[in-house]
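Trainee: I would like to learn how to read the features of a structure one at a time, with the general idea before the particular case. Could we begin with the strands and then go on to the helices and the loops?

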Amino acid sequence: MNTVKVLTCLFFIASTQEWGFFGHRKINELAVYTLPVEMKVFFSPNQAYFSRHAIDADKRRYASSFEAPRHYIDLDQYGNVPFDTLSRDFRTDLRNHCLFFLSTREGETIEVLPDSICKSLEFKNWFDTLAMDFYYEEQWLVPLDLSFRLDTSKYRIQVLDEFTEHGVLPYNILRVYRKLVQAFKDLDATGICRYGSDLGHYIGDATVPLHTSSNYNGQKTDQYGIHAFWESRLPEQFAKNYDEWVGAAVYVDDIQTHIWNILVESHLLVDELLTTEQQVRLQLDDELEYGVEERNGRLISTQSDTLTVLYHEALNGMIEERYRSAIHSLGSLWYSAWVDAGMPNLENVKPAFEVNSADKKGRIITRRRHFE
Ligand SMILES: [Zn+2]
C-alpha cells in the first residue's frame with residue numbers, strides 16, 4: 001500500500017491583469033453601442049457600471065484560488081487545432097482528465113481504480129452526480145455508490161484532478177452566459193449587471209492569444225513580460241487610434257462553438273505574437289530595447305518606446321483585430337442571452353445598484369460555485 005498525495009486545483013500563477021484594466025473596461029463600455037434599442041434602455045444607463053466592473057473577475061483571483069483557472073486554458077496541453085481530445089463538455093472533459101484511486105475511508109490509497117469500473121456507465125453517473133459535489137475540495141474523497149459492488153463501509157474513491165490547473169475558461173464563459181440568460185428571464189437588474197460584466201471580462205480574456213497557451217508570459221521562450229506588453233502596454237498606447245465601431249450585435253445560435261472559435265482563433269496567433277517580438281528585438285541594439293519609467297513613485301525598467309512602436313507596427317493590426325473581436329463578441333453574447341431569455345422588456349428594470357462580491361478586506365462573503 002502506498003499513499004498517493006493528491007493535489008487538486010491549487011496551483012495557479014496570476015499572470016497579469018488580462019487586457020489590463022484599460023482594455024477590459026473599454027471592451028465592456030464599447031459593447032453597449034452594438035446593442036439594439038430594446039436593450040440599450042437598460043444597458044446605456046448602466047454603461048458606467050459595466051465598464052467599472054469589467055475587472056471584478058480579476059479582483060476575485062486574489063480572494064479565491066478557484067478563480068484563477070477560469071481566466072485561461074492551456075490549449076497546447078491538448079494537442080493541435082481543433083483540439084478534439086476535448087469534448088467541450090465540462091464534466092466529460094474533467095472526468096477524462098482525472099485519475100481515480102481506490103482508497104480507505106481515511107484516505108490511504110490502495111490501487112488505481114480498474115478500467116472495469118472507470119469505463120462503466122455507473123461510474124460516469126457517479127462522477128457526474130456524487131463526485132462533482134466535491135469539486136471544490138482540495139482533495140476529493142468521495143463516497144462510493146452501491147452499484148460498484150464495493151464495501152462502502154471500507155472504501156472511498158480518491159480523485160486526482162489533472163484538468164483544472166490547465167484552465168477552464170471556455171466552460172466558465174458558458175456557465176456565466178447561462179447565468180445571464182436566467183437574470184434576463186428574472187428581470188434581475190443586479191444579475192444582469194453582474195453576469196454581464198463578468199461575461200465581458202472572460203470574453204476579453206478569450207480574445208488574448210496568451211490566455212490559450214502554457215507559455216502565457218513567454219517564460220518558455222525567454223520572453224518574460226510579453227503578456228503585459230502585448231495586452232496592456234500596447235493597447236494603452238495605441239487603442240485611441242483603433243476603429244471602435246464594430247457593427248451591430250448578431251444572434252449566436254451555437255454559443256459553445258462560438259466561444260471555442262474565439263479561443264482557437266486566439267491560439268492560432270500565439271506563435272506569430274511571440275516570433276514577431278523576437279524578430280523586432282533582433283533589429284534593435286540592447287540599449288534601445290529597454291527604457292525606464294516611473295510608476296507609483298518608483299523607477300522601473302520597461303520596454304522602450306522604440307521597441308513598443310516597432311512591435312505594434314510589426315503585429316500589423318493583430319491587437320486591434322482581437323480588441324474589436326472582443327467588443328463584437330461581447331455585444332453579440334449579451335444580445336443572444338436576451339433573445340434566449342425571450343426578449344424581455346427591460347424598460348422598467350431598475351438600474352442596478354452597486355454589488356460587491358468581496359467585503360472591504362477582500363474576503364468573499366458568499367463563495368459561489370463554479371458550475372451550478
Ligand atoms: Zn481575467
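Mentor: Let us begin with the sheet, an open one of four strands in the order β2-β1-β4-β3, with antiparallel pairing. Because β2 (109-112) and β3 (140-143) stand at the edges with a single partner strand each, one side of each is left without a neighbour in the sheet. Neighbouring strands of this sheet are turned by 35° against each other on average, with direction ignored. Strands here are DSSP runs of E with at least two residues, helices are runs of H or I with at least four residues, and both are numbered from the N terminus; two strands pair if DSSP finds at least two bridges between them.

Trainee: Before we go further, what kind of model is this?

Mentor: This is a predicted model, in which local features need pLDDT of at least 70 and side-chain atom pairs count only at pLDDT 80 or more, while totals for chains, interfaces and linings use all residues. Residues are numbered from 1 along each chain as its sequence is written.

Trainee: Over how many bridges do β1 and β4 pair?

Mentor: Strand β1 (residues 98-104) and strand β4 (residues 155-161) are joined in the antiparallel sense by seven bridges, and L99 is found opposite L160 in β4. For β1 and β2, also paired in the antiparallel sense, there are three bridges, and here S103 is placed opposite T109 in β2. The hairpin of β1 and β2 has four residues between the strands, and among its residues G107 takes a positive phi near 105°.

Trainee: How many helices and strands does the secondary structure of the protein come to?

Mentor: There are 15 helices and six strands. Of the 372 residues, 37% count as buried, where buried requires 20 or more other C-beta atoms within 10 Å of the residue's own, exposed means 12 or fewer, partly exposed lies in between, and C-beta atoms are placed from the backbone. As for contacts, which require the C-beta atoms of two residues, placed from the backbone, to lie within 7 Å, residues 24 or more positions apart account for 76% of those with a separation of 6 or more.

Trainee: Which quantities describe two packed helices?

Mentor: Two packed helices are described by the angle between their axes and the distance between the axes. The axes are lines fitted to C-alpha atoms, for helices over the stretch in contact, and angles run from 0 to 180 degrees between N-to-C directions. Helix α8 (residues 169-185) and helix α9 (residues 189-206) pack at an angle of about 155°, their axes being 9 Å apart. The pair α8 and α9 is therefore roughly antiparallel, given that angles under 35 degrees count as roughly parallel, over 145 as roughly antiparallel, 65 to 115 as roughly perpendicular and the rest as oblique. The crossing of α8 and α9 is left-handed, a term used if the near helix is turned anticlockwise from the far one by less than a right angle, with right-handed used if clockwise. The contact includes L169, I173 and V176 of α8 and I192, Y195 and L199 of α9. Its residues divide into 13 nonpolar, three polar and three charged, where Ala, Val, Leu, Ile, Met, Phe, Trp, Tyr, Cys and Pro count as nonpolar, Asp, Glu, Lys and Arg as charged, and the others, Gly among them, as polar.

Trainee: At what angle do the axes of α1 and α15 cross?

Mentor: The axes of helix α1 (residues 20-31) and α15 cross at roughly 50° and come within 8 Å, and α1 and α15 are therefore oblique to each other. Their crossing is right-handed. The contact is made by G23, I27, L30 and A31 of α1 together with Y323, A326, I327, L330, G331 and W334 of α15, and these residues divide into eight nonpolar, two polar and no charged.

Trainee: What should I look for in the backbone angles?

Mentor: Most residues other than glycine have a negative phi, and most peptide bonds are trans. Here a cis peptide bond, with omega about 10°, joins V81 and P82, and P82 lies in the loop between α4 (56-60) and α5 (90-96). In the loop between α4 and α5 we also find F83, whose phi is positive, near 55°.
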